[in-house]
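Please look over the sequence and the 3D structure shown below.

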Amino acid sequence: MDSDSEVERILHGTGRPPSSYGSMRSDEEEEEEEDFERDSPITSNEPTGLQLIRHHYPETVLTQGTQQTKQQDACIIYTRNEEVVEDENREEEEEEEGEEYDRINSPVPPPPVEDGDQMDSEEAQSGILHSELGMPHVFKNLMGVLSGLSEEDMGNLKIRLSREEKLFKLEELFQWDLLNLVDKMIEVLGHECALKQSIMGLDSIKKITEARDLENKCKRVLLRFQLKQHILRRFRVIYEGVPRPGKQQLLDTVYVQPQISRRPGNGIHLAPGDGGGSIFLDVKDLLRLTKASGEPVRTLVTTGVAGIGMSVVAARFSMDWAEDAANKDIQFVIPLSLESLWSLQKFQLPPTKMMSIMEVIEHYYQGFSDAGYLEDLNCRFLILMDSFDYYLDTLDWKNTPVLSDSHTPAHLDVLIVNLIRGKLLPSARIWILGRQAAVSTIPPELIDVVTDIHGFSDEMKDDYLSKRFQDKELSDSIVSHYKRSPALIALCQQPFVCWLAATAFERCFRYQGYGIQPPRLTPFYIHVMVIQTNRKLQRYRGQSENHLKWSQDDIHTLLNLGKLALAMVEKQVWVFSQQDIKEHKLDMKEITVFSGLCIEHHSLDTTKRKQFSFLHRTFQEFMAAVYVFAVFHLEGRVPLPEAGSWPRAKLPRIAESPRSAADLLRGAVRATMGSPHLDMVLRFLCGIMSRGSHNHMLRVRLFQAPQPALSKPEKAQQLLEREVESAPADRRANLQECLREMVQEDE
């Protein structure tokens, strides 16, 4: 039978299948209802005095939640399938006690949900959806528009639906009437996708007027659906490190929620981790936080160190919303990354350099240009301002003019300030994510709640490393291997370093015999410094991935930072100040925001003086070792106390004779033997002197002019072996670790 004859047969078929689910009724039920209507004495809309309790049905919870009151003398009708035959005398007794039974046994409605309540259950996360976004609104308009189609148009629409959606069989579609069709589309596709498919179908059969009519009646639903699809495409894949085809991971596969805590009060002038206690928040509950007054949060700030996973948390929140997994009561989640806004200002703005906030939103998400409901006070939506530290212009919080009209063009600085002030789009909730030093510029009175991302706990590290690999034996080996190094255990609190460990160990475990010795530290720390510096060049300097080049200023910054680190190690302190930054000729913003190697803290004393530290204490010692290596390579001296020196004038030119690794090691060991606080500096220095580290990873980046590697590495190894044999027992363990860092081949 050809397709045309089959369609003709289906078109003229008879019979209507039973309803697909509870929103429709069978023919038999309709007949019973008609009989009931004929026999019923109720002829008005007055209250009947009846209350239904259907304990065994899922909709009961929702019904009870909306029934905040009950008529005083209402009786109760049980509709569940139980035996209801009672003795006549028993029935009379129950009638007499009916009023007391109502008062005692009627279901108590749950308290109304407040916007700011912290809630853990999925029911609490669903919220109350706007009436124009719900399924009833879509169902009513689909029925209204499609009911005007001819039989031929409906047939063509069903044929297209069977081709687009494989879940629908053509024969079944032609057995359904309009009610069944709309009902089944919503059940299978969801009301948003069913609406989109219907509009596309109407366009395809040239019913343009009907398509535009349906589109206009359900515009808010369509806009929300399109925004969800955009978010799913944008955040479904997570690129870790350098994006390469086939190397991407799905966010759902590798995501592990980091520890997030709330700070006391609304200030952001506390060191990360202070005041957070041991109570951690789920990312989907962040917008359920309340201010000290109990009012819902409008402006939320989330901070963390570089590599702690702020952008991943923002992506997870957005994905949960787009997948209807949480925060369903939020009509729109509009990500406006400050990195993208900075790029917009620099490269894409019109000659006037001004846009309205609605034009900015429309630039990234089409359809919002005439979305006037964003200005309604009852429109609950979120503007997610990720990467706050990437916006390089200084925002003037005091002198920026007030702007309240969302259609008035202005400079992006003015738009950002007034969004956070609450003057533009006052019904919007604002979520700002950025590094501590950047978000600390926001006036505290504009912030309702501050949260900190602390990274991974020990269990989360294992979970993340296990999720990345389908090979369980490999994942178990990687988890057990990184735990052999206490320094790596501490540093892997940062998801960025966890990814680095997973990438490096996956490669290394391909080599036969790898894993017998504990992992070396030096390659990891070099990778952290190199990757963070390259990210700075990409994000703050505009360099492309394939043309990254460290300038002389970048190198001087790293070496001066290493000089500061060495001075701190010698003083045995781990926090430095603004004065220390100035003394070492460093730029405040370069160190605290751009470098990704330092953390800004705030003193808890009344002066609120800013204080800083490196990512980790061991990273400070690594940077000190980098400085020692660079000074010896350039000047021929070891900048450590008691190390001795070789006058620069007596040294041959670098081009004629490279520096001796044995000379560097001899001076460093001499300085370290009487100063245990330099033990880790020596260990990292020995790791840098290993051929793979300083030849391929570090030397070519730190020195612009081509320079030879350190000479005679075998003599340095022999010297260190002799030092291990002759060292006192309390110093021998560290020297053995130094030797392992120098000779163990991991790469």
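Which residue takes a positive phi just after α28? Glycine 636 does, with a phi of about 75 degrees. This is a predicted model, in which local features need pLDDT of at least 70 and side-chain atom pairs count only at pLDDT 80 or more, while totals for chains, interfaces and linings use all residues. Residues are numbered from 1 along each chain as its sequence is written, and side-chain values use heavy atoms, with hydrogens and water left out.

Helices (H or I, at least four residues) and strands (E, at least two) are DSSP runs, numbered from the N terminus. Helix α28 spans residues 617-635, and its 19 residues reach 27 Å from the first C-alpha to the last, close to the 27 Å expected at 1.5 Å a residue, where the expected span is 1.5 Å times one less than the number of residues. Of these 19 residues, 16 are buried, which leaves α28 mostly covered; buried means under 20% relative accessible area, exposed over 50%, and partly exposed in between (1.4 Å probe, protein chains only).

An open sheet of mixed pairing is formed by six strands in the order β5-β10-β6-β9-β8-β7, and two strands pair if DSSP finds at least two bridges between them. Its edge strands, each pairing on one side only, are β5 (259-262) and β7 (332-335). Strand β6 (residues 299-303) runs parallel to strand β9 (residues 428-434), and five bridges join them; threonine 299 stands opposite isoleucine 430 in β9.

| Cysteine | Relative accessibility | Class |
|---|---|---|
| Cysteine 193 | 22% | partly exposed |
| Cysteine 218 | 1% | buried |

A search of the whole structure finds zero disulfides, a disulfide being a pair of cysteine sulfur atoms within 2.5 Å.
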